[in-house]
Amino acid sequence: MPDGLPTEIDLTRPSAARVYDYFLGGAHNFEIDRQLAEQIASMTPNLAATMRSGREFLRRAVRVLLDAGIDQFLDIGSGIPTVGNVHEVAQGVNPKARVVYVDIDPVAVAHSRELLAGNELTGVIHADLREPERILAETRQLGLIEFSRPVGILLAGVVHFIPDADRPEAILATLREAAAPGSFLVISHSTFEDQPQEMLDAQRLSARTATEITLRSRAQVTGFFGDWTVLEPGVVHMPLWRPDSPSDVDEHPERFGAFGGVARYDQPAG
Ligand SMILES: C[S@@+](CC[C@H](N)C(=O)[O-])C[C@H]1O[C@@H](n2cnc3c(N)ncnc32)[C@H](O)[C@@H]1O
């Protein structure tokens, strides 16, 4: 066991967070993770680009939320804070922005705590998205986020780890119900729509990490926003969501394999 890591880390199985970290060029991964990452990459050379595209979508979405005045973020499934984290983007624009990171992976949590030590406007929670009430309770305990004010709830690349049997729509409803009008929800989610077979094969390989991915349709991903107002351009393949420049959009944005979307909780009329 390398120094400084919690003893509950299973080094005999690849971890989704560490495989993702490897694809993003981070240093927080082990041989077992690199082997799986290379195997997946050999089947779909586009995959590392896909993962970076996910991080770029998240950054663009966070900037839109900041422009709308959001100054507190709950980032669930935050991963290992590798390159361009949410708090860096948020506090770069608003030094008073608060960010609570939540992840199920003890490695991601340990590295997040280490990296954020000394940043008093950020917090880290080790929890499972399948327990949204617990996440909300622990977030309240941290005292960083006030749910009476608009909040940005970020679910980037995580809801696809929740199988239908665990009722992701109910989890999403619990999170939405905790939020005040003016809040935003950001989701990116892997999809089978418009995907070539090799992409679908690589997704199946993810079953070897601790959690399997459930690919969903645009309609299903849109459903996770409930009755919140989905912002333009809607739920689209990630590179198409408000690109910084048209030249950033690949010829085949669907090959990035995931939808991105952002919705706002508008106060019901009357
Ligand atoms: C693909 S990474 C996304 C990281 C980051 N949100 C981003 O977009 O750059 C997915 C993360 O979700 C975490 N995760 C998977 N299932 C989870 C669950 N049930 N609850 C909380 N986090 C989970 C994994 O540990 C991993 O760190």
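**Cover and cores**

Modeller: This is a predicted model.

Biologist: Which residues touch the most other members of the largest nonpolar core?

Modeller: Leu-74, Leu-129 and Leu-155 do, in a core of 35 residues. Several elements supply at least two residues each, including strand 1 (72-76), strand 4 (152-156) and helix 7 (168-178). Helix 7 gives the largest share, 4 residues.

Biologist: How do you know that Leu-74 is in contact with residues beyond its neighbours within four places in sequence?

Modeller: Contact means heavy atoms within 4.5 Å. Setting those neighbours aside, the contacts of Leu-74 include Val-100, Ile-135, Phe-147 and Ile-153.

Biologist: Which residues belong to the second, separate core?

Modeller: That core has 28 residues, including Val-62, Ile-70, Ala-90 and Val-109. In the meeting of helix 3 with helix 4, Val-62 is on the helix 3 side and Ala-90 on the helix 4 side.

Biologist: How do helix 3 and helix 4 pack?

Modeller: Two numbers describe packed helices: the angle between the axes and the distance between them. Here the angle is about 30 degrees, and the axes are 10 Å apart. The crossing is right-handed. The contact residues divide into 7 nonpolar, no polar and 2 charged.

Terms used: Residues numbered from 1 in each chain as written. Predicted model: local features only at pLDDT ≥ 70, side-chain atom pairs only at ≥ 80, totals over all residues. Heavy atoms only, no water. Core = buried A, V, L, I, M, F, W, Y, C linked by side-chain atoms within 4.5 Å. Buried < 20%, exposed > 50% of the residue type's maximum accessible area, 1.4 Å probe, protein only. Axes fitted to C-alpha atoms, helices over the stretch in contact; angles between N-to-C directions. Left-handed = near helix turned anticlockwise from the far one by under 90°. Nonpolar A, V, L, I, M, F, W, Y, C, P; charged D, E, K, R; others polar.
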